[in-house]
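Here's a quick briefing to read with the model open beside you. Take a look at the picture, then work through the points below.

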Amino acid sequence: MNRLPRIRFAHTPTPLFHHPELDRLIGAEVWVKRDDMTSGAAAGNKIRKLELLLGHARQQGATVLLTCGGAQSNHARATAVLAAELGLRSVLFLRTSDPTSPPADRGNLLLDRMVGATVHFVTPQQYRDNLALMASAAQTLVEQGQHPYVIPEGGSNGRGAIGYVLAMQEVREQLDLGLAGDVREFDAVVHACGSGGTAAGVALGAARCQLAREVIAMAVCQDSATFSGIVARIVDEAHELVPTLPPPAPWRIIDDWRGPAYGVASEEQRRFIVTVARHTGLLLDPVYTGKALFALRQLSPRPRRVLFVHTGGLPGLLAQASDFAGEL
Ligand SMILES: *Cc1c(COP(=O)(O)O)cnc(C)c1O
């Protein structure tokens, strides 16, 4: 694993945050792995995957990065920011209901524009075949003498997932240093699941470092059957890349609290996000982390001692100001 090419971007180790009011609100002992603090503009969980992916891209001599996601994709934004840092071009294929009236440059999209990404809006139907879309764009770039590197949605393949195997090792070291008091192991690691790479890496890393008995990934878009297939495939890819990895820790996907739609939180979820912010100072986003922590609170039975991975998403919250007006 240590021989894989990697570029150190993330500010690590990220803190382990514990707040008595959060424990009370959730009804469990909750340690928050603050991966919302992995960076400045590139912050969130994607930067850990991109350390491996861009290490590989650089080794391959890439000059332009291609990736895809929703219009407010945190992954696309992190890729664009890091591309600018490396002096590479970035091309983003972003899903939106009507590309002829594209969304305003807010939140992640504003940051994409700031760092000079090339943005192509595509319909949900075109997006379904995003790998083919990117492959054909890459072919055109090759014909123009460029060296494209295609990163799948969410940076979620075996290589990207290794970033979360390493993150779990980071937590192991923090526990061994006594940074979470007498905690040596968690009942569960809980996090939001959007493209499966974090779940795969966390499950492999939790087993490798004996960090937790199980991993609970809270789905925010697809259902649990779909995600189970995706995560299993990414775990297989990671094993192919790093054969010394152990089998993953027991993991499951829960899809009961996805809310009204991807990117849309229910009123109850939004109220919960505001309550957590006001009692703890912890800012959650309405697309991923707010739904995942809300789901943990609803879970029954609930694991007693939890590592909750705060995967970031602040720009997505800032893009939804008007949706929160009723809760403030
Ligand atoms: C992408 C993302 C996730 C989901 O991670 P995956 O590895 O794509 O499943 C969770 N939270 C935030 C804030 C994200 O941007």
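**What surrounds the ligand**

Sorted by class, the shell around the ligand holds three nonpolar, 11 polar and two charged residues. (Here Ala, Val, Leu, Ile, Met, Phe, Trp, Tyr, Cys and Pro count as nonpolar, Asp, Glu, Lys and Arg as charged, and the others, Gly among them, as polar.) Keep in mind that this is a predicted model, where local features need pLDDT of at least 70 and side-chain atom pairs count only at pLDDT 80 or more, while totals for chains, interfaces and linings use all residues. Residues are numbered from 1 along each chain as its sequence is written, and side-chain values use heavy atoms, with hydrogens and water left out.

**Contacts with the ligand**

- There are 16 residues around the ligand, and Lys-46, Lys-49, Ser-195, Thr-198 and Thr-311 come nearest; a residue is near if one of its heavy atoms lies within 4 Å.
- Lys-46 has a polar side-chain atom 2.8 Å from an oxygen atom of the ligand, which is a polar contact (a pair of N or O atoms within 3.5 Å).
- With Thr-311, a polar side-chain atom lies 2.6 Å from a nitrogen atom of the ligand.
- On its own the ligand exposes 370 Å², and the protein buries 98% of that (areas by the Shrake-Rupley method with a 1.4 Å probe).
- Helix 2 (46-59), strand 7 (186-193) and helix 8 (197-208) are the elements that each give two or more residues to this shell.

**The whole chain**

- You'll find 13 helices and 10 strands in the chain; these are DSSP runs, H or I of at least four residues for helices and E of at least two for strands, numbered from the N terminus.
- For 328 residues, a compact globule would have a radius of gyration near 20 Å, and the chain's 19 Å agrees with that (taken over C-alpha atoms; the rule is 2.2 Å times the number of residues to the power 0.38).
- Along the principal axes, the C-alpha atoms fill a box of roughly 55 × 50 × 35 Å.

- Thr-12 and Pro-13 are joined by a cis peptide bond, with omega about -5°, and Pro-13 sits in the segment before strand 1 (16-17).
- Another cis peptide bond links Ser-300 and Pro-301, with omega about 0°; Pro-301 is in the loop between helix 11 (289-298) and strand 10 (305-310).
- Gln-210 isn't a glycine, yet it has a positive phi of about 45°.

Definitions and conventions: Polar contact = N/O pair within 3.5 Å; in protein donor to acceptor, adjacent residues only side chain to side chain.
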